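Please take a moment to look over the structure shown here.

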Amino acid sequence: MLSFIPSQDSQTLAFEISGTVTKEDLKKLEQAIEEQFSEDQQFNAYAIMQQPEMPTLKAIAEEAKIDMKRWSQYHKLAVVSEKNWLETMTNLSDFLPGIKAKHFKMNEMKQAWSWIKAEQ
């Protein structure tokens, strides 16, 4: 389930995920991006992952459609979770051109916001 949370930065979309991400959740995310940011505007994502389930291949494919469409707009991605597999995926995302990604533990939420808001 996807729910939006208050953002501490006008250039950042903040949300929380718990359990399984559905196709409807991905549509909500895409709609929020379209409403908040123009097609050529860069933005950040701040994601708190509360007990996320490992995504299915179908879910990964659906998310990839959104990511490919918005690839040039992503600037920073902060992922907050305790899951080792999410830390690994986040670290791999940091190698993608144009995107800075960093994983934070749950007790590092303030540091994640500081990193997102810092100019780099």
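**Aromatic rings and their surroundings**

A search of the whole structure finds four aromatic pairs, where rings of Phe, Tyr and Trp (its six-membered ring) pair if their centres lie within 6.5 Å, and planes under 30 degrees apart count as stacked, over 60 as edge-to-face and the rest as tilted. This is a predicted model, in which local features need pLDDT of at least 70 and side-chain atom pairs count only at pLDDT 80 or more, while totals for chains, interfaces and linings use all residues. Residues are numbered from 1 along each chain as its sequence is written, and side-chain values use heavy atoms, with hydrogens and water left out.

- The rings of Phe37 and Phe43 are stacked, because their centres are 4.8 Å apart and their planes stand at 15 degrees.
- Phe43 also forms a tilted pair with Tyr74, with 5.1 Å from centre to centre and 55 degrees between the planes.
- This second pair links distant parts of the chain, since Phe43 belongs to strand 3 and Tyr74 to strand 4, 31 residues apart; helices (H or I, at least four residues) and strands (E, at least two) are DSSP runs, numbered from the N terminus.
- Phe37 is buried at a relative accessible area of 3%, Phe43 is buried at 1%, and Tyr74 counts as buried at 14%; buried means under 20% relative accessible area, exposed over 50%, and partly exposed in between (1.4 Å probe, protein chains only).

**Strands 4 and 5**

- Strand 4, which covers residues 74–80, is mostly covered, with six of its seven residues buried.
- Strand 4 pairs with strand 5 in the parallel sense over five bridges, and two strands pair if DSSP finds at least two bridges between them.
- Ala78 stands opposite Lys102, a residue of strand 5, which runs over residues 100–104.
- Lys102 counts as partly exposed, at 38% relative accessibility.
- Leaving aside neighbours within four places in sequence, Lys102 is in contact (heavy atoms within 4.5 Å) with Leu77, Ala78, Val79, Thr90 and Trp115.
- The C-alpha atoms of Lys102 and Val80 are separated by 8.7 Å, although these residues are 22 residues apart along the chain.

**Asn44 and Lys76**

- Asn44 is found in strand 3, residues 43–52, and is buried, with a relative accessible area of 5%.
- A polar atom of the Asn44 side chain lies 3.0 Å from the backbone nitrogen of Lys76.
- Beyond its neighbours within four places in sequence, Asn44 is in contact with a set of residues including Asp9, Gln11, Leu13, His75 and Ile116.
- Lys76 itself lies over the face of Trp115, at 4.9 Å from the ring centre; a charge sits over a ring if NZ of Lys or CZ of Arg is within 6 Å of the ring centre and within 35 degrees of the ring normal.

**The salt bridge**

- Side chains of opposite charge can pair when their charged atoms come close.
- The structure holds one salt bridge, defined as a side-chain nitrogen of Lys or Arg within 4 Å of a carboxyl oxygen of Asp or Glu.
- Lys105 forms this salt bridge with Glu87, and the closest N and O atoms are 3.7 Å apart.
- Lys105 lies in the loop between strand 5 and helix 4 (109–117) and Glu87 in helix 3 (residues 84–93), so the pair ties together parts that are 18 residues apart in sequence.
- Lys105 is partly exposed, with a relative accessible area of 26%, and Glu87 counts as partly exposed at 28% relative accessibility.

Conventions: Polar contact = N/O pair within 3.5 Å; in protein donor to acceptor, adjacent residues only side chain to side chain.
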